[in-house]
Amino acid sequence: MTVPRDASPLPTGHHLTRRTVLTATGSAGLAVALIGCGSGDDDKSSSEPAGEEKEKEKGGKDEGGAAAAVLARTADIPVGGGKIFKDEGVVVTQPTKGRFKAFSNRCTHKQCPVAGVEGGTINCTCHGSKFDIADGSVKQSPATSPLPPAEITVEGDSIKLA
């Protein structure tokens, strides 16, 4: 079958607009990007959920019998500094030897994740806010509210979420 040069390949009433083409192209690109963002955990042959497997490695249960997540060993948190736990949403600090504190890892200014612990402060690089490692209070604006505290327990040399 030959199509006349001036004939449209689309049925009557269907017109491709720039918006339609861009929407279709964007949707296809988004689908490809989402497929590529898999967790990579699919290859594991273990039949246990990842959380339980991790818990068995680190040990412990909370009072209700549920697995208590071990964030770190006390030796992992420097005195006068701290460590950010992105997946758990907390930052743990050791303001003075043997005293551990925990706070949300989200800056109270615009909810950016804090980026580091240095010089006695928890630092957000999005807009420059700084928070005290001892109590989460604002040391440098633009944040005006302290970091919310997080509950942790220290048992022996293990730091766990409470």
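Reader: How many bridges join S1 to strand S10, and in which sense do they run?

Author: Three bridges join S1 to S10 (residues 158-161), and the two run antiparallel. Strands here are DSSP runs of E, at least two residues long, numbered from the N terminus, and two strands pair if DSSP finds at least two bridges between them. This is a predicted model, where local features need pLDDT of at least 70, side-chain atom pairs count only at pLDDT 80 or more, and totals for chains, interfaces and linings use all residues. Residues are numbered from 1 along each chain as its sequence is written, and side-chain values use heavy atoms, with hydrogens and water left out.

Reader: Which residue in S10 stands opposite Val-70?

Author: Lys-160. Ala-72 has Ile-159 as its bridge partner in S10.

Reader: Is Lys-160 buried or exposed?

Author: Lys-160 is buried, with a relative accessible area of 8%; buried means under 20%, exposed over 50%, and partly exposed in between (1.4 Å probe, protein chains only).

Reader: What does the side chain of Lys-160 make a polar contact with?

Author: The side chain of Glu-155, at 3.3 Å. A polar contact is a pair of N or O atoms within 3.5 Å; within protein, one must be able to donate a hydrogen and the other to accept it, and residues adjacent in sequence count only if both atoms are side-chain atoms.

Reader: Back to the sheet. What is the strand order?

Author: S1-S10-S9, an open sheet of three strands with antiparallel pairing. S1 (70-73) and S9 (152-155) are at the edges with a single partner strand each, so one side of each has no neighbour in the sheet.

Reader: And how do S9 and S10 pair?

Author: Antiparallel, over four bridges. Val-154 has Ile-159 as its bridge partner in S10. S9 and S10 form a hairpin with two residues between them, and Gly-156 in the turn has a positive phi of about 65°.

Reader: New topic. Where is Asn-105?

Author: In the loop between strand S4 (99-104) and strand S5 (116-118). Asn-105 is buried, at 6% relative accessible area. Leaving out residues up to four places away in sequence, Asn-105 touches several residues, including Ile-84, Phe-85, Val-91 and Cys-112; contact means heavy atoms within 4.5 Å.

Reader: Which residues touch the most other members in the largest nonpolar core?

Author: Val-91, Val-117, Ile-122 and Phe-131, out of 13 residues. A nonpolar core is a set of buried Ala, Val, Leu, Ile, Met, Phe, Trp, Tyr and Cys residues joined through side-chain atoms within 4.5 Å. A second, separate core has 11 residues, among them Leu-71, Val-92, Ala-102 and Ile-159.
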